[in-house]
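Keep the view open as you read.

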Amino acid sequence: MSKSILVIGSSGQIGTELVEELRKIYGNSHVIASDIKKPQVEQTGPFEELDILNKEQLHAIIKKHNVKEVYLLAALLSATAEKNPAFAWDLNMNSLFNVLELAKEKVIDKIFWPSSIAVFGPTTPRQNTPQFTVMEPTTVYGISKQAGERWCEYYHNKYGVDVRSIRYPGLIGYKSLPGGGTTDYAVDIFHQAIKTNSYECFLSENTALPMMYMSDAIKATIQIMQSPKENIKIWSSYNLSGISFTPKEIAVEIKKHYPNFNITYKPDFRQQIADSWPQSIDDSRAKEDWNWKANYTLEKMTNEMLKNLEQLLKQKI
Ligand code: NAD
Ligand code: AKB
């Protein structure tokens, strides 16, 4: 039987777009989507219902499809995780262990596991945050990502596991909805601009955060996975940078398309999370080691988001 790729957490914000891209490259039938939740979009290849915490179910799917590569995307994100810390820890850590163990036992050959800018905390330098620096995260999500990075490196050093990772910034795309993060405002704002010409933002106007357009994030993910193994020098997780902006700056950009767009600010518990994260990221190691380069500026992303979302929302009416 030919080899296949399994995407776990495929119905989420990243999975929806990653599956589509992987299927373009490797063929529909070679990319198995899986999630506890039904897909957000119509599937062009196999979909399996999977709870990643159920090891038997995971092993059965791996065997059934001769899976050799796993992209593990299932997790609770920062805001949702704060509401249920014990479950977030259980899901974010045990999902990773279940997959790392499969690679240790040589059942699978390669893993992609995403980390986040949430690994950093209030004691980290906030501008141009270096690859190696102080990391004292204050959210359960950040703690789980930091621990996950340590475990990835440990499994690589100790058992030779090929597990590759990126510290994604906040991701923005039009094809799928975000799943409970602190950076979700930067997706919601486009939907509300088109629907109501106004947005009430849960972060304050000058809160700068590292962000990235989804197609850049998908490009980076596929690029790091396709890189020759000898090019990968960091086995914890690579810093990755796209664009950094504040709610006020993105609103100014949206106003160029919707001059009457009105933004108001009502910060909630997510403000404290955002205030503990970097404002911009130094990703020179990703550039040096595997040729990473982002394509999207704030202006280019805003143009694409509005154009594509307008079309999608029109089709739904
Ligand atoms: P998401 O919440 O949109 O998607 C996660 C998916 O995992 C959901 O479809 C959910 O149903 C699924 N899931 C939850 N529990 C599961 C289980 N027990 N078994 C199987 N599937 C389960 O998240 P996302 O934005 O697509 O993020 C994917 C990964 O990337 C996560 O690890 C996240 O921490 C990381 N990340 C995302 C961002 C971002 O801005 N989206 C930034 C940094 C890191
Ligand atoms: C979140 O806000 O939780 C995510 C992330 C940056 O990890 N988007």
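A74, A75, N92, S95, W113, S144 and K145 line the largest cavity. This is a predicted model, in which local features need pLDDT of at least 70, side-chain atom pairs count only at pLDDT 80 or more, and totals for chains, interfaces and linings use all residues; side-chain values use heavy atoms, with hydrogens and water left out. Residues are numbered from 1 along each chain as its sequence is written, while chains are lettered from A and ligands numbered from 1 in the order in which they are written.

**The cavity and the pocket**

Rolling a probe the size of a water molecule over the atoms shows where empty space is left. Here the work is done on a 1 Å grid over the protein atoms alone: a cavity is a set of points where a 1.4 Å probe fits but cannot get out, and a pocket is an open set with protein on both sides within 12 Å along at least five of seven lines. Lining residues have an atom within 4 Å of a point. Grid points are joined across faces, edges and corners, and a volume is the space filled by probe spheres set on the points.

How many cavities of 30 Å³ or more does a search of the whole structure find? The search finds 1, and the largest cavity has a volume of about 30 Å³. Helices α4 (85-104) and α5 (140-159) each supply at least two residues of its lining; helices (H or I, at least four residues) and strands (E, at least two) are DSSP runs, numbered from the N terminus.

The largest pocket has a volume of about 890 Å³. Of the 42 residues that line this pocket, the closest to its centre are L73, A74, A75, L77 and G179. The elements giving two or more residues to the pocket lining are α1, α3 (78-83), α4, β6 (115-116), α5 and β9, and α1 gives the most, with 3 residues.

The table sets the two linings side by side, with Ala, Val, Leu, Ile, Met, Phe, Trp, Tyr, Cys and Pro counted as nonpolar, Asp, Glu, Lys and Arg as charged, and the others, Gly among them, as polar.

| Space | Volume | Lining residues by class |
|---|---|---|
| Largest cavity | about 30 Å³ | 3 nonpolar, 3 polar and 1 charged |
| Largest pocket | about 890 Å³ | 22 nonpolar, 15 polar and 5 charged |

Now turn to β2 (residues 31-35), where 5 of 5 residues are buried (under 20% relative accessible area; exposed is over 50% and partly exposed in between, with a 1.4 Å probe and protein chains only). In a regular strand the side chains alternate between the two faces of the sheet. In β2 both faces are covered, with V31, A33 and D35 buried on one side and I32 and S34 on the other.

Two strands pair if DSSP finds at least two bridges between them. Strand β1 (residues 4-8) runs parallel to β2 and is joined to it by 4 bridges, with I32 as the bridge partner of L6. From β1 the chain crosses through helix α1 (residues 13-26) to β2 in a right-handed β-α-β crossover, that is, with the strands pointing away from the viewer, the path from the first strand over the helix to the second runs clockwise. Another 3 bridges join β2 to the parallel strand β3 (residues 47-49), where E48 stands opposite S34.

**A three-stranded sheet**

Elsewhere, 3 strands form an open sheet in the order β6-β8-β12, with parallel pairing. Because β6 and β12 (238-239) stand at the edges with a single partner strand each, one side of each is left without a neighbour in the sheet. Between β6 and β8 there are 2 bridges, and S115 has R167 in β8 as its bridge partner.

**Two buried residues**

P169 sits in the loop between β8 (166-168) and β9 (170-172). Is P169 buried or exposed? P169 is buried, at a relative accessible area of 5%. Setting aside residues up to four places away in sequence, P169 touches I117, P210, M211, M212 and L240, where contact means heavy atoms within 4.5 Å. The C-alpha atoms of P169 and S244 are separated by 9.2 Å, although the two residues are 75 residues apart along the chain.

T221 belongs to helix α7 (residues 214-226) and is buried, with a relative accessible area of 0%. Beyond its neighbours within four places in sequence, T221 is in contact with L18, Y71, F112, I166 and Y168.

**Positive phi in two loops**

Most residues other than glycine have a negative phi. N66, not a glycine, has a positive phi of about 50 degrees; N66 lies in the loop between α2 (55-64) and β4 (67-72) and is partly exposed at 22% relative accessibility. K106 also has a positive phi, near 65 degrees. K106 is in the loop between α4 and β5 (110-112) and is exposed, with a relative accessible area of 60%.
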